[in-house]
Each structure stands twice: as structure tokens, then as C-alpha cells.
Amino acid sequence: MPEDSLSKRYGAKILPKEEVINLLQKIYDSYDEIYANTGERYEKIECRDDLGKVKLRNPRPYTSAKKIFFLPTQELFGYRKSNGDWEIEDYLEKKRIAILGMCACDVRGLQRLDLYFKECEDPYYWERRNNSFIVGSTCLNSLESCFCNNFGGLSNEDLQYDLWITDIGRYYLIEVGSEEGMKFVEGLEDASAEHFNAKERIIREIEAEMGPVYSKEKIVRAFSLKTGDILWRELKERCLACGKCNFVCPSCHCFTIYDDISLDGNEGKRIRKWDSCHLWTFAVVAGRHNFREDLESRVRYRIYDKFYYPYERYGVFQCVGCGRCYDVCSADIDLREVLRRLVE
Amino acid sequence: MKNSYIPEKAKIVRIVEETPDTKTFIFDRKVDSLPGQFMELMVFGYGEAPISISSHPSENLALTVRATGNVTNALHRLKEGDIVGLRGPFGKGWPLEKVKGKNLLIITGGIGLAPLRPVIKEVEKNRDEFGKVILLYGARTPELILYKKELGEWMKFIDVKVTVDFTEENFEEVCPAWRGDVGVVTTLLDKTEIPMEDNYAFVCGPPIMMKFTIKDLIARGFSPTRIYLSLERHMKCGMGVCGRCQVGGHFVCKDGPVFNVSTLLTWKETPEEIEGVI
């Protein structure tokens, strides 16, 4: 990320509120698949009239935008027997995707997910992710479980987006983050320092509502010393190993690969499906040896893989503080509590 | 963008029965690989499994496979001329460059000999480039010893010691003709003269075997920086995305499967997760 933020490079505009629907329609017409934050989730918008569902000021939805690029079930390729040989058909599809109203935590989560999919050139991810059009929006209120203030907060300074919309009262402040984004805001009035001040004030106020902030250094240091902490045994006692936290997490990337085969065995599909490191089968190898038989090691692993390991490998935390894992957890395991215990 | 999820079709040209549950499959092509790397082998209509390469890059690809799961059992039912799918090679191999001009101690157990076969073949091809090379190999019973014919060939250019660790009461019955060493593979260390200077060790075998072998080597004064081992995990994608093989934040499929023991010891995991090292 360059020193000057994206909006400084591409400028920012203001838009009277009633005109925003025109902007959304223009985007709708330019992309193959449109998803929008409808408050509950990132929902696929199937017709123009549904654009009214887009929420540009809501807190984050219950599920993340991960599913749009990294499909929960992705058919990779199919194969079929013919004349003693096998024919393979690749199911790879190229799609131009736009997402409207993404929260800062979800854009950040997506950038974290990118890091894993850059480990190899994963075409099923990148053919959707490349050329995707991201319209971010600043949350106007936070949820009880939000703690993104630890990982970059509501600011879009470290994020890559095409447009970024903030509700500043009578107008929307529209920051432009790319050439592609410029195309949609031509002719609009330029924003002034006053409009940015309004945005900064909103962000300050919302972040002040969230809990304490721990420094990166403190978190890393705590994790480097505490693989044997009693906390992990306590979490093992509480965790039900259901894996819901993995599925709602914007940066959990694990999947399994299996073949779905016809009854006669002459046809099949290679499929990848989201997987969870909390499940007992996760680290089983041939001969039934299980490298993570103990739930304690699985619970600890997920949390280390949000904070310590990605920091070692990429220099960032994979956790973006969206708090979804706490919201869905039947055992009330709260990462804020985990951080507090480890750091303090 | 290359789609590395799509396998390439390959024909099985020869099948060698190694033991009652293990066969070596030789394919119709060479693969540009490094000793220690692995392939994803697909049986159409069943699925895919990661298998380490047991051939030298200069010869046709060979994979030695024990029938333990769904895919490997299906593979064992295939015949010469049948088609399978291959992806790879994946991962990083044994650090042969470091070993050039040095002594090498290879300690293996069971099917763990397979990923070291290309190393031994490399030694055979360039014998002058290596110092003293010792292979210590442990199998459960004489029947389960891999590459029986080749072991004899290898004795011509390296030191080979084989032991069986079947110590039940009915030993005579199970191993009627065995006159060789008996006991776990580490017992061979006492019976072998191991140069401590300029020596590297490559270890591969079941977790428990690697754990005790590494403990033993370190107790004998072997520096962990000189010991390498090959970790086993169920690598599903082979490319560092699916996360199934992650240990201590490292992808066994991409950063390994061969790792330096001193590096493993710095990982923030408990020992059981790193295959019981120490």
C-alpha cells in the first residue's frame, strides 16, 4: 500500500442521497454477478429492483463475503469414461463480480484470504476475485461483538476498493480507489475537507464504543510464549468442535477435496468443500493416525493460525475482529477474552 | 493461469509386487522432480492421494504405494496399461546439495524407505560426490521388507543394515528364515560405526519411529541442524491452500515435506503435532 491513501490518488466525490440508486444501477448493469450487503448477509441480487435492499450504513452482516469468491462447494472438474479412456472437463468459469456495501472488516478479510490463495495460482478463486468490483461502506454502528479496532478498524486506509461510500448526513461521501471506480462517478461534485472530517468523526465515535486495543507486538509476544498455557485446556473443555467459527470467519481458508462418483463408477466430479480444523477428522492420515486427535490442539491451532502463524508468514493477523465466531459459538468462546487472557 | 487442480493422464506400464500390501507402479513418463518430492495420484472413480516419488528423475516415474485407504486399495486393483491421473511434483526435497562431499546416514522405517530410494539412486550415479553413506532400515517382518532385490544391489556401494522389529512370541513362525538383526531400527545405531564429523542424517518412517530415532541421534551428539526428516500429512491440494497439512503455520506440502529438525524445534506447536519430534 502506498503512503498516500487510495482516495488521495483518485479523489473523492459527494452524492445527494436520493441519487445513489442511479450509481448502484450503473454498477449492476456492468457486472455479471452482483452481491449486496442486505443487513443479514451478502445476498445475490437477481434483478434491478432488488437494489433497494442494499444497506450502506449497516454493521457487518452475519456471514462474510468469503463465500462469493471461495465457494462453499466448488466443483473443480468432471470426468467420464469413454472407450477405456477418461475424458476430463474443467468447470472453471470466469465471472465479473461486484459487491455493494462491504464492511471494512470484510474487505480486510478478503485481502487476508488473498494471501492464502496467492500461495499457488488458484484459478477457481482468482477467476472470480480478479477484476471484482468492491464498493465498501463505512459502518454507522457496531455490534456488541465487533472488535475490529484492534486490526485496522473502520478506516479504509489499508484497503483496496473501487468505491467507498460513507453516509455523512445529507450526502454520501464517495471515495474513489481505482480507475474502474472513476468511471462511475464522473461529473459528481468533489468532496471537501469538511466531508472527510465528518467521516473521521463517525469512525472515531464508533471505534470508541468497542473494547480495549492491544498492540501487535504485545499480541505476538504473548502467543510466542504461551503454547502450553492453561487457557487452551479450558477452551478444550468448552469447545464443542462444531466448526461454525470456521465457516463464518472471513479468513478461514481450509477445504477438503473429494470425488462425487456415479453409482457405476464411470463418471465423477472432483469437488472442494469448506472444511474445519476443529473437526476430529481434520488431520487424519492413512492408517487412521491422527495428528490432532486432542481437541486442545485443534482449538489452539485455529487461534494461533489467526494471530501468530500468519504474522510469521505474512506479517499480518488473519483475524480482522469481526466477532462473528463469537456470535455463532454455542460455547461462547470469545476471541477478545482469549486475547485479554494471553496479553494481560 | 495454469490450472494445477486438473490431473494429467498417465499409463501404468509396470507393476512390481514389493510386499503383500505394497506395490510399485511405474508410469509411461519421466517427471522432472527432486528426491523427496511427492505426487498427487488419482484413481478415476475413487479420488486422489499424495504419494512420495520413489524413482530417480532420470528414469520413468515410480510410486511405491501401500494399500491402506480407499484410493490406494483401488489403485492396487489396477493392471498394467490402465490410466490414472497425476498432479505434481509438489514440495521441497532432501537437501542433496548440502550433503555433497559429506557423510550421509539414512534411517528409515517401513514404507518410509520409498522417498529415500531416489536419494540412494543419486548416490549410486554420483558415488564420488558423497562420503560414507549408511542405510539403516527397519521393517516389521521380513515379508514386509521393500525393494528386496535392490537392497542387495545397494550393498555394493553403500553400507546397508536391515532389522525387523517383530518381537512377539511366535517370531519363529512369522519369520522362519530370518537370520538378520531383530529389534527397532535405533538398535542398529549401536551396531554401526557412524562418523560424527561432517555427517548428515535423513530420517523417514512412522511418527513413533522418527521420534525415537531423532532422540537417539541427538543423544549421540548429532546436531539437530544436521538432521532432516520427511513429515507425513494428508496433503489434499498440494499447493499450500487447503490447510489440511499445516503444522506450526507451515504447509507440509509446499514448505516441506522435508524439514530440518532444528527448524521444527522452533515451531510454536506442541511436540505431538510435529510428529512427535523429541
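In this predicted model, 22 residue pairs are in polar contact across the interface of chain B and chain A, both residues of each pair being at pLDDT 80 or more. On the side of chain B that touches chain A, the elements contributing two or more residues are strand E4 (47-52), strand E13 (246-247), strand E14 (250-251) and helix H8 (252-255) of chain B. By class, the residues on this side of chain B comprise 15 nonpolar, twelve polar and 14 charged.

The contact involves 41 residues of chain B and 50 residues of chain A. Together the two chains bury about 4,000 Å², of which 56% lies on carbon and sulfur atoms. The rule also finds seven salt bridges across the interface of chain B and chain A. One salt bridge pairs B:Glu269 with A:Arg300, with 3.6 Å between the closest N and O atoms.

Within chain A, a contact between two helices can be described. Two packed helices are characterised by the distance between their axes and by the angle between those axes. For helix H8 (residues 216-225) and helix H14 (residues 335-343) of chain A, the axes come within 9 Å and cross at roughly 75°. H8(A) is therefore roughly perpendicular to H14(A). From H8(A), the contact is made by A:Lys218, A:Ile219, A:Ala222 and A:Phe223, and from H14(A) by A:Leu339, A:Leu342 and A:Val343. The contact of H8(A) with H14(A) has six nonpolar residues, one charged residue and no polar residues.

The backbone is considered next. Most peptide bonds are trans, and most residues other than glycine have a negative phi. Two cis peptide bonds of chain B are listed below with the location of the proline in each.

| Cis peptide bond | Omega | Location of the proline |
|---|---|---|
| B:Gly88 to B:Pro89 | about 5° | B:Pro89 in strand E6 (residues 83-90) of chain B |
| B:Gly256 to B:Pro257 | near 5° | B:Pro257 in the loop between H8 and strand E15 (258-260) of chain B |

In chain A, A:Asn83 is a residue other than glycine with a positive phi, near 50°. A:Asn83 is located in the loop between strand E4 (73-82) and strand E5 (85-90) of chain A.

Methods:
Residues numbered from 1 in each chain as written. Chains lettered and ligands numbered in written order. Predicted model: local features only at pLDDT ≥ 70, side-chain atom pairs only at ≥ 80, totals over all residues. Heavy atoms only, no water. Contact = heavy atoms within 4.5 Å. Buried area = accessible area lost by both parts, 1.4 Å probe. Salt bridge = Lys/Arg side-chain N within 4 Å of Asp/Glu carboxyl O. Polar contact = N/O pair within 3.5 Å; in protein donor to acceptor, adjacent residues only side chain to side chain. Helix = DSSP H or I, 4+ residues; strand = E, 2+ residues; numbered from the N terminus. Nonpolar A, V, L, I, M, F, W, Y, C, P; charged D, E, K, R; others polar. Axes fitted to C-alpha atoms, helices over the stretch in contact; angles between N-to-C directions. Parallel < 35°, antiparallel > 145°, perpendicular 65-115°, else oblique.
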